[in-house]
Amino acid sequence: RSLPGAGTCYQQAKRALHTAVPDRLHAREKETGVIRQFLWEHVGGRQPGSLYISGAPGTGKTACLSRVLLDCKDELAGSKTIVLNCMALSSPQGVFPALAQQLGLPAAAGREGVRKLEKQLTARGPMVLLVLDELDQLESKGQDVLYTLFEWPRLPGSRLVLVGLANALDLTDRSLARLGARPAGSPRLLHFPPYTREQLSAILQERLGQVAGDTVLDAAALQFCARKVSAVSGDARKALDICRRAVEVVELEVRSQTLLKPLPGGEW
């Protein structure tokens, strides 16, 4: 049998190191503020527009946006919010029927489907906030899919606010060069830099600070993990995964030690 209560501190630690959206995102106050302000101006102010969020995996893009959407639920109540993960689509063109379904429109393929969506998004009604995660997946030959989507907020009478998240920093340069020719309507850009060693260390300490009792991983181990991950990628998810695996290793060691303890009198 394991030590009383030993299992619970490891379970708590693993839960704390999970990549779920935390209540507070460390070192992302500025980015959170930009997203919140953008939504307030465009959805709240009924001004169509687009925001392009870039950054390597694990830099907090999706977590930040999810946190803002949760915090601004009341302000967004009068609008229609649609979140699509482009990874789940079978092709870049699949974004149009997926959006039509969310808007309650009958499915229509090709140009006809796009036309019906345009008509819907320029008709009177509440603002539509469309969040496209993993936007890189919509790159296509001629970039027509991305171009069409980012063109929609600029149509007369549009009620679309588009937020796209992608790993690539230069997606707008590569794919949307035509939009740049008219700066007034080009997407607002927000970049998430990789986390630094100090920031990763603070994130790990903050998460493990929620666990009651003795420290499961010591400060030196957290510093080592933060230093290694920041040198390679600055990916917070990776740092959390490594620490979670480390907790599992410690947990197994403690379990095996308590199971193999000799009985009193030296008998096994």
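Me: Why is Ser-50 called buried?

Reply: In this predicted model, Ser-50 has a relative accessible area of 5%. The word buried is used under 20%. The value of Ser-50 falls under that cut-off, so the residue is called buried.

Me: Where does Ser-50 stand, and how far is Ser-50 from Phe-150 in sequence and in space?

Reply: Ser-50 belongs to strand β1, which covers residues 49-54. In sequence, 100 residues separate Ser-50 and Phe-150, while their C-alpha atoms are 6.9 Å apart in space.

Me: What makes β3 and β4 a pair of strands?

Reply: Strand β3 (residues 128-133) and strand β4 (residues 160-166) are joined by five bridges, in the parallel sense. A pair requires at least two bridges, so β3 and β4 qualify. As one instance of this pairing, Leu-130 has Leu-162 of β4 as its bridge partner.

Me: In what order do the strands of the sheet lie?

Reply: The order is β2-β3-β4-β1-β5, in an open sheet of five strands with parallel pairing. In general, the strands of a sheet pair through backbone hydrogen bonds.

Me: Which residues of helix α3 are buried, and against what do they pack?

Reply: Helix α3 comprises residues 61-71, and its buried residues are Lys-61, Cys-64, Leu-65, Arg-67, Val-68 and Leu-69. These buried residues pack against the helix α2 and the strands β1, β2, β3 and β4.

Me: Is Ser-140 buried or exposed, and how do you know?

Reply: The relative accessible area of Ser-140 is 16%. Since buried means under 20%, Ser-140 counts as buried. Ser-140 is placed in the loop between β3 and α6 (144-151). Neighbours within four places in sequence aside, Ser-140 is in contact with Pro-92, Gln-93 and Val-145.

Me: Why is Arg-46 called partly exposed?

Reply: The relative accessibility of Arg-46 is 47%. Buried means under 20% and exposed means over 50%; 47% lies in between, so Arg-46 counts as partly exposed. Arg-46 is located in the loop between α2 and β1.

Me: What is the phi of Arg-46, and what is the phi of Ala-27?

Reply: Arg-46 has a phi near 50°, which is positive although the residue is other than glycine. Ala-27, which is not a glycine either, has a positive phi of about 65°. Ala-27 is in the loop between α1 (6-16) and α2 (29-44).

Me: What makes up the lining of the second largest pocket?

Reply: The lining has 13 residues, and Gln-93, Phe-96, Gly-110, Val-114 and Thr-148 are those nearest the centre of the pocket. The volume of this pocket is about 290 Å³. Each of α4, α5 (110-121) and α6 supplies at least two residues of the lining, and α6 gives the largest share, four residues. By kind, the lining of the second largest pocket holds seven nonpolar, three polar and three charged residues.

Me: How many cavities of 30 Å³ or more are counted, and which residues line the largest?

Reply: The count is one cavity of 30 Å³ or more. The largest cavity holds about 30 Å³ of space. Its lining consists of Ala-100, Leu-105, Pro-106, Ala-108, Gly-113, Lys-116 and Leu-117. Helix α5 gives the most to this lining, with three residues.

Me: What makes one residue in the lining of the largest cavity polar and one charged?

Reply: The lining of the largest cavity divides into five nonpolar residues, one polar and one charged. Gly-113 and Lys-116 belong to this lining.

Me: How many helices and strands does the protein have, and what share of its residues counts as buried?

Reply: The protein has eleven helices and five strands. Of its 268 residues, 44% count as buried.

Technical notes:
Residues are numbered from 1 along each chain as its sequence is written. This is a predicted model: local features need pLDDT of at least 70, side-chain atom pairs count only at pLDDT 80 or more; totals for chains, interfaces and linings use all residues. Side-chain values use heavy atoms; hydrogens and water are left out. Buried means under 20% relative accessible area, exposed over 50%, partly exposed in between (1.4 Å probe, protein chains only). Contact means heavy atoms within 4.5 Å. On a 1 Å grid over the protein atoms alone, a cavity is a set of points where a 1.4 Å probe fits but cannot get out, and a pocket is an open set with protein on both sides within 12 Å along at least five of seven lines; lining residues have an atom within 4 Å of a point. Grid points are joined across faces, edges and corners, and a volume is the space filled by probe spheres set on the points. Ala, Val, Leu, Ile, Met, Phe, Trp, Tyr, Cys and Pro count as nonpolar, Asp, Glu, Lys and Arg as charged, and the others, Gly among them, as polar.
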